[in-house]
Amino acid sequence: MFEHLKAQKPDAILTLMQMYRDDPRDQKVDLGVGVYKNAAGVTPVMRAIKAAEERLWQTQESKSYVGLAGDPAFNDAMIRLVLGDAVARGDVSSVATPGGTGAVRQAFELIKMTNPDARVFVSNPTWPNHLSILDYLGMDMVPYRYFDTETRGVDFDGMIADIKGARKGDVVLLHGCCHNPTGANLTLPQWQEVIAVLLDTGATPMIDIAYQGFGDGVEADAAGTRAVAVAVPECLIAASCSKNFGIYRERTGVLMLVARGGDKAVRQGTLAFLNRQNYSFPPDHGARLVTMILEDDALRTDWLAELEEMRVGMLSLREQLAKELEQRSGSNRFGFIAEHRGMFSRLGTTPELVQKMREDHGIYMVGDSRMNIAGLNEASVPVLAEAIVAAGV
Ligand code: LMR
């Protein structure tokens, strides 16, 4: 029967990762997959993770199953990290998931299960895997304008006009911070306007927050998500620990369902049911490390300090690149790079020029011109600036 299988469309980001590995040139710069790298090009195990792992190794006495929702302490700690004290704990149902992608997938399944006719409004552009999973699940999606190709900021008027088309039973997918792939983000007053539209239309927001701490800081990056969770009757939040704890391969994430009143036991039970159907118990190792860090003052302080070093480092690379481009191009048309936040910036150029930069200068960025800023260092910033200007971007 498997002779009828059709080849799947390869994932653009993962294909690029392989192309980079296969390129024999010494002089090459990887700005592809969204993985943090330090100045030496290494994705480090964070100090607090190492310390927690050592402690865990010494103290853990069993690896028996935990629970379908994961460890309650992990859920509590993550709800607190993302939502602070904005929402009463009793209003949040949640489950641990395999990474942020697992949370996104479970959220989409929950939406489909609740309302098979739901349309999911997605920013144009969004993380390609959002679209791929929605397509795989056979769900309707409606793109809303988001990126202004002139300013490289948010096309806010376009966004508001488009999400006004959502109705009760539809879902509006928002990026909590550090928009992937553009790096262009909503201001807090803009979040409030989005909330007003959500309340008007009755559409349900779903927030994907995968880079908390990479933009303006751990608390500031959660401000939009918290504002939404406080204001609307119900919302979904998919959070990832991959990037801010640097535990990509441990697959650690959480799905939260915020809702007031009604039968919370049914909501919690449905999330656990979905886990059971898809993979039974969620992975525990990464979740346990995250819990240990968030519950221990010394580990938490050290984690926050290292996360802040990473964030400030990325900001500094943004500023260096914008300055270098200003000098080389004699214009300030690349100033948006210093304004964007998070790991990514969308340069806003054509796939042809992206290809040219790859061929001529060994610069690997995603075909839509998304650059992983963390893939740069002081030595490669001028190389990239040269490639951008030489290509005529
Ligand atoms: C990315 O956008 O590069 C990351 O979220 C990694 C991935 O899985 O695509």
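**Cavity and ligand site**

Author: In this predicted model, the count of cavities of 30 Å³ or more comes to 1.

Reader: How much space lies in the largest cavity?

Author: About 50 Å³.

Reader: And which residues line the largest cavity?

Author: The lining consists of Ser-123, Tyr-144, Tyr-146, Met-159, Leu-174, His-175, His-179 and Leu-186.

Reader: How does that lining of the largest cavity split by class?

Author: There are 5 nonpolar and 3 polar residues in the lining, and no charged ones.

Reader: What surrounds the ligand?

Author: The residues around the ligand are Ile-13, Val-33, Gly-34, Trp-127, Asn-180, Tyr-211, Lys-243 and Arg-370. By class, this shell has 4 nonpolar, 2 polar and 2 charged residues.

Reader: Why does the ligand lie between domain 1 and domain 2?

Author: Because both domains contribute residues to the shell around the ligand. Domain 1 is 10-45 + 309-391, and domain 2 is 65-295.

Reader: What about Trp-127, how far is its polar side-chain atom from an oxygen atom of the ligand?

Author: That distance is 3.1 Å for Trp-127.

Reader: And the side chain of Asn-180?

Author: An N or O atom in the Asn-180 side chain is 3.0 Å from a ligand oxygen atom. As for cover, the ligand on its own has 260 Å² of accessible area, and the protein covers 80% of this.

Key: Residues are numbered from 1 along each chain as its sequence is written. This is a predicted model: local features need pLDDT of at least 70, side-chain atom pairs count only at pLDDT 80 or more; totals for chains, interfaces and linings use all residues. Side-chain values use heavy atoms; hydrogens and water are left out. A residue is near a molecule or strand if one of its heavy atoms lies within 4 Å of it. A polar contact is a pair of N or O atoms within 3.5 Å; within protein, one must be able to donate a hydrogen and the other to accept it, and residues adjacent in sequence count only if both atoms are side-chain atoms. Accessible areas come from the Shrake-Rupley method with a 1.4 Å probe; for residues, only the protein chains shown count as cover. Ala, Val, Leu, Ile, Met, Phe, Trp, Tyr, Cys and Pro count as nonpolar, Asp, Glu, Lys and Arg as charged, and the others, Gly among them, as polar. Domain bounds come from an automatic or database domain assignment. On a 1 Å grid over the protein atoms alone, a cavity is a set of points where a 1.4 Å probe fits but cannot get out, and a pocket is an open set with protein on both sides within 12 Å along at least five of seven lines; lining residues have an atom within 4 Å of a point. Grid points are joined across faces, edges and corners, and a volume is the space filled by probe spheres set on the points.
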